[in-house]
Amino acid sequence: MLYGIAAAATALLLSALLTGVLRVPALRLGITDRRRRRPLPLSGGTAVALATVLVAAGADAAGLLPLGAGVGRVVAAAGCVALLGLAADLRRLRWWVTPAGTAVAAGFVVPYEETGVAAGVAAVGWIAVATAAFRALDHADGLAGTVGAVGAFGAAACATAELMDGLAALLGVLAAALAGFLLHNWFPARAGLGAAGALFAGFLLASSAVFVRAGQGIGAGAAVLYALTAVGCADAALVVLGRRLDRRAVTRGRPDHLGHRLRRLGLAPRAVPVLLGAGSAGGALVAVCVHTGRLSPGAAWWVAPPPPVLVLVLVRRPVTPVFRPRQRVDSASSQVSERLRVRSG
């Protein structure tokens, strides 16, 4: 227990430090995003991935928090996905490259001996979709970090119930690393997560959830997986449905995500991650209770209705900012004013 707390504290401090240190290299290399008409360095993704991997691998090598062969394979695959995300941050890749790479990495970590071939293939697809949905949450300050940290705590609680101490420690380290990153990402953000960090965190969360539920009931497993990723599922469904209704390409980026539409309703920038983080916490609580048997799988219906209702309410909201029309200036009057100013001068 004490080793786990020490590892989490180390990951938090290391992530916060690296996020700040890597801001300048990220700006110089062009690893940036545009927010509020300014370049935002995406140093948080590298910082979260490095802090998680270094702390987890160091604790495992020292024998303080043994991860185990299966969990070590998950960390290695997540590192490869993070490198793919870093390539996406450096240069524009085709839309299918990162989902395909994520699916390939997921194929190496799914425990087929426990899930079976058919369920294992479905798990690979779910990991790829859940990772892409989590990446899409990195569109508002503090949102991806908050939802990711809450989801990591929920998955860690499920792993603890299964006596998977190595996996629980890894998820605790990830949650702490995301919390350290949030010190720089809360509105107004000084650093962003980027594809590297979002793909790394999303893949680690999704694959860990599959690891925890492997070999158990399919119905309860689907309920737990959905409850842990309800916010990401809602955002993905909202984006796909909204773009299809507008007859736009699904893969073309627009300010039409969940956070964007909530801002259009008048929510403050800091209120968006707080509201959606609270929703993610409720889903994680239901997931833990279903996983531990305190609630039946039907309790996931408590989580199921809010996301579709939210999608239906927000899908027709306008997504482009409304600017006040510029006042037309009479050219003749402006010329007269200019002449008077020159004469008085």
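In this predicted model, the count of cavities of 30 Å³ or more comes to one. The largest cavity has a volume of about 220 Å³, and 19 residues line it, of which Phe134, Val147, Leu205, Leu228 and Thr229 lie nearest its centre. Sorted by class, the lining of the largest cavity comprises 14 nonpolar and five polar residues, with no charged residues. Helices H7, H8, H10 and H12 each supply at least two residues of that lining.

Helix H12, a contributor to the lining of the largest cavity, also packs against helix H15, at an angle of about 30 degrees and with the two axes 9 Å apart. Because angles under 35 degrees count as roughly parallel, H12 and H15 are therefore described as roughly parallel to each other, and their crossing is right-handed. In this contact, Ala230, Ala234, Ala237, Leu238 and Leu241 of H12 meet Pro307, Val311 and Leu314 of H15. By class, the contact of H12 with H15 has eight nonpolar residues, and neither polar nor charged residues take part.

| Region | Nonpolar | Polar | Charged |
|---|---|---|---|
| Lining of the largest cavity | 14 residues | five residues | no residues |

Terms used: Residues are numbered from 1 along each chain as its sequence is written. This is a predicted model: local features need pLDDT of at least 70, side-chain atom pairs count only at pLDDT 80 or more; totals for chains, interfaces and linings use all residues. Side-chain values use heavy atoms; hydrogens and water are left out. Axes are lines fitted to C-alpha atoms, for helices over the stretch in contact, and angles run from 0 to 180 degrees between N-to-C directions. Helices (H or I, at least four residues) and strands (E, at least two) are DSSP runs, numbered from the N terminus. Angles under 35 degrees count as roughly parallel, over 145 as roughly antiparallel, 65 to 115 as roughly perpendicular and the rest as oblique. A crossing is left-handed if the near helix is turned anticlockwise from the far one by less than a right angle, and right-handed if clockwise. Contact means heavy atoms within 4.5 Å. Ala, Val, Leu, Ile, Met, Phe, Trp, Tyr, Cys and Pro count as nonpolar, Asp, Glu, Lys and Arg as charged, and the others, Gly among them, as polar. On a 1 Å grid over the protein atoms alone, a cavity is a set of points where a 1.4 Å probe fits but cannot get out, and a pocket is an open set with protein on both sides within 12 Å along at least five of seven lines; lining residues have an atom within 4 Å of a point. Grid points are joined across faces, edges and corners, and a volume is the space filled by probe spheres set on the points.
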